[in-house]
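Here is a short report on one protein model. Look through the structure first, then read on.

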Amino acid sequence: MTIRVAPVGLSRLAAGDSACRAGAYIDDFQLTVDCLLTLICQNGNMTEQSLWMQQVAKDPGHSQWYVERFRTMEREGKDVVGEARFIDAMAARGSRILDAGCGAGRIAGYLAAVGHDVVGADVDPVLVAAAEKDHPGPRWLVNDLAELDLPACGIDEPFDIIVSAGNVMTFLAPSTRVTVLRRLRAHLSDDGRAVIGFGAGRDYPFDDFFYDAKSAGFEADVLLAAWDVRPFTADSEFLVAVLRPA
Ligand SMILES: C[S@@+](CC[C@H](N)C(=O)[O-])C[C@H]1O[C@@H](n2cnc3c(N)ncnc32)[C@H](O)[C@@H]1O
């Protein structure tokens, strides 16, 4: 099931409604920037628009370009599920897994296909539509992670694993980073793990991330420099952080 939003649905959004409860469920992805801003300013609390959606606002073709990039890689037989295999290796069979910032669904799709109970959430409706089309299995939601409230969407149980791969952290609005990490913590079971991967040189220094993760209630369990399990060092150009609730 996909929750979709479109301009004509906005009149139905009352203060306090989340996108998933608003009934704005329309097959139309012509979202305007104003609509997105309206959605993420629920209850009068302004949430800064994600850097990703700011990029989409400047270049409306960006999302479809991103979708086609992964479709092409898959057609060419490239490995686009390395992160998902890492998560699968950590997970008991039939785990509850949230892909936070799922994009066009390559990771959540794989994890559902190998038998996990998967939810994919992403702020970009074009990517979520592609995920639903290309990867049946997970439950797909259009949702800003800074506003994540899955119980309000009828998803009450916490997750065993939350994965956020592909630089999602660096596409958040900087003002929402700690809030997003807190929302992820709130959706994780007490013995669950969150696995977050992103690269250096993207305006989110790893030390700031460690500080933010601690502020949000996480402890670092394992730090790696890549999804192929190389150890993290002070010089690493990439971070895969396996976090547990503090
Ligand atoms: C480079 S893409 C990675 C997508 C996917 N994780 C993957 O690895 O294929 C970054 C993603 O972060 C998502 N994103 C950025 N800020 C977000 C937010 N505040 N809430 C939800 N998703 C967000 C974007 O919509 C985009 O899909």
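Predicted model: local features only at pLDDT ≥ 70, side-chain atom pairs only at ≥ 80, totals over all residues.

Is D203 buried or exposed? D203 has 8 other C-beta atoms within 10 Å, and 12 or fewer counts as exposed, so D203 is exposed. This residue sits in the loop between strand 6 and helix 9 (206-215). V229 lies in another setting, the loop between strand 7 (218-224) and strand 8.

| Residue | Phi | C-beta neighbours within 10 Å |
|---|---|---|
| D203 | near 65° | 8 |
| V229 | about 70° | 11 |

V229 also counts as exposed. Neither angle belongs to a glycine: D203 has a positive phi in a residue other than glycine, and V229 has a positive phi although it is not a glycine. A glycine with a positive phi, G115, follows helix 5, and its value is near 105°.

The mean pLDDT of the protein is 87, and 82% of its residues reach 70 or more. Confidence is highest in strand 2 (residues 96-100), with a mean of 99. Confidence is lowest in helix 1 (residues 33-39), with a mean of 42. Over residues 21-43 the pLDDT is below 50, and this stretch has 56 contacts in the model beyond near neighbours in sequence.

**The overall build**

The protein has nine helices and eight strands. Of its 246 residues, 44% are buried. Take the contacts between residues at least 6 apart in sequence: 66% of them join residues at least 24 apart.

Strand 6 (residues 188-199) has two partners to look at. With strand 5 (residues 159-164), strand 6 pairs in the parallel sense over five bridges. One of the pairs puts I162 with A194 of strand 6. With strand 8 (residues 238-245), strand 6 runs antiparallel, and six bridges join the two. There, G199 stands opposite F238 of strand 8.

**Helices under cover**

Which residues of helix 5 are buried? They are R106, I107, A108, G109, Y110, L111 and A112. That is seven of the eight residues of helix 5, so this helix is largely enclosed by the rest of the structure. What covers these buried residues includes helix 3 (62-75), helix 4 (82-90), strand 2, strand 3 (117-122), helix 6 and strand 5.

Helix 6 (residues 125-134) is mostly covered too, with eight of its 10 residues buried. Among them are P125, V126, L127 and E132.

**The nonpolar core**

The largest nonpolar core has 60 residues, and L111 and I162 touch the most other members. Helix 6 gives the most to this core, with six residues. Leaving aside neighbours within four places in sequence, I162 is in contact with L98, A100, L184, H187, L188 and A194. A194 is also the bridge partner of I162 in strand 6.

**Around the ligand**

Which residues come nearest to the ligand? Of the 20 residues around the ligand, they are S50, G101, G103, V123 and G166. By class, the shell has 11 nonpolar, five polar and four charged residues. Helix 5 (106-113) and helix 7 (168-171) each supply at least two residues of this shell.

Key:
Residues numbered from 1 in each chain as written. pLDDT = per-residue confidence, 0-100. Helix = DSSP H or I, 4+ residues; strand = E, 2+ residues; numbered from the N terminus. Contact = placed C-beta atoms within 7 Å. Near = placed C-beta within 6 Å. Nonpolar A, V, L, I, M, F, W, Y, C, P; charged D, E, K, R; others polar. Buried ≥ 20, exposed ≤ 12 C-beta atoms within 10 Å, placed from the backbone. Pairing = 2+ DSSP bridges. Core = buried A, V, L, I, M, F, W, Y, C linked by C-beta atoms within 7 Å.
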